[in-house]
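This report covers confidence, strand pairing, aromatic contacts and salt bridges. Please keep the structure open while reading.

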Amino acid sequence: MDPRDISERRESPLFTGNYSVESGRDGEWHVVDIPAFRAMKNYICPGCHRDITPGTAHKVAWRSDHWSGEEKSATERRHWHLKCWASRGTRY
């Protein structure tokens with residue numbers, strides 16, 4: 001793991017226990033872990049462009065340092081496979 005990649009647990013009323021803020025070469029991100037039992041919809045992973053199917057544990061992430069602010073950033077949140085999220089820094 002790159003020493004610049006840092007995870008910090010923060011409490012949120014909406015995401016207690018599964019929310020963190022992560023920093024890496026690609027910026028700072030809000031990250032929510034979605035366990036398999038809560039995964040109810042299909043999503044397309046921006047890392048591999050493949051389906052994340054219902055019942056698949058994954059992460060939801062959005063920029064915390066977005067130039068247009070938190071609200072705009074939250075509307076652009078994306079669902080990632082666990083491995084795709086973990087390896088996103090190697091794509092740059």
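The text below starts with the basis of the model and then turns to its contacts.

**Basis and confidence**

This is a predicted model, in which local features need pLDDT of at least 70, side-chain atom pairs count only at pLDDT 80 or more, and totals for chains, interfaces and linings use all residues. Residues are numbered from 1 along each chain as its sequence is written, and side-chain values use heavy atoms, with hydrogens and water left out.

pLDDT is the predictor's confidence in each residue, from 0 to 100. The protein chain has a mean pLDDT of 79. Of its residues, 68% reach 70 or more. Helices (H or I, at least four residues) and strands (E, at least two) are DSSP runs, numbered from the N terminus. Among these elements, strand 5 (residues 51-52) has the highest mean pLDDT, 98. Strand 1 (residues 6-9) has the lowest, 46. Over residues 1-15, pLDDT stays under 50. For that stretch the model has 27 contacts beyond four places in sequence, a contact being heavy atoms within 4.5 Å.

**Strands 2 and 3**

Strand 2 covers residues 19-24, and five of its six residues are buried. Buried means under 20% relative accessible area, exposed over 50%, and partly exposed in between (1.4 Å probe, protein chains only). Strand 2 runs antiparallel to strand 3 (residues 27-34), with six bridges joining them. Two strands pair if DSSP finds at least two bridges between them. The hairpin that joins the two strands passes through two residues.

**Aromatic contacts**

How many aromatic pairs does the structure hold? It holds two. Rings of Phe, Tyr and Trp (its six-membered ring) pair if their centres lie within 6.5 Å; planes under 30 degrees apart count as stacked, over 60 as edge-to-face and the rest as tilted.

| Pair | Centre to centre | Angle between planes | Class |
|---|---|---|---|
| Trp29 and Trp85 | 5.4 Å | 85 degrees | edge-to-face |
| Trp80 and Trp85 | 5.2 Å | 75 degrees | edge-to-face |

Trp29 lies in strand 3 and Trp85 in helix 2 (residues 82-86), 56 residues apart, so this pair links distant parts of the chain. Trp29 and Trp85 are both buried. Trp80 is buried too. Trp29, Trp80 and Trp85 form one aromatic cluster.

Charges also sit over these rings. The criterion is NZ of Lys or CZ of Arg within 6 Å of the ring centre and within 35 degrees of the ring normal. The charged end of Arg63 sits over the ring of Trp29, 5.1 Å from its centre. Arg88 lies over the face of Trp85, at 3.7 Å from the ring centre.

**Salt bridges**

A salt bridge is a side-chain nitrogen of Lys or Arg within 4 Å of a carboxyl oxygen of Asp or Glu. The whole structure has two.

Asp26 forms a salt bridge with Arg88, and the closest N and O atoms are 2.8 Å apart. Asp26 is in the loop between strand 2 and strand 3, while Arg88 is in the segment after helix 2, 62 residues apart. Both Asp26 and Arg88 are buried.

Asp33 forms a salt bridge with Lys59, with the closest N and O atoms 2.4 Å apart. Asp33 belongs to strand 3 and Lys59 to strand 6 (residues 58-63), 26 residues apart. Are these residues buried or partly exposed? Asp33 counts as partly exposed because its relative accessibility is 23%. Lys59 is buried, with a relative accessible area of 15%.
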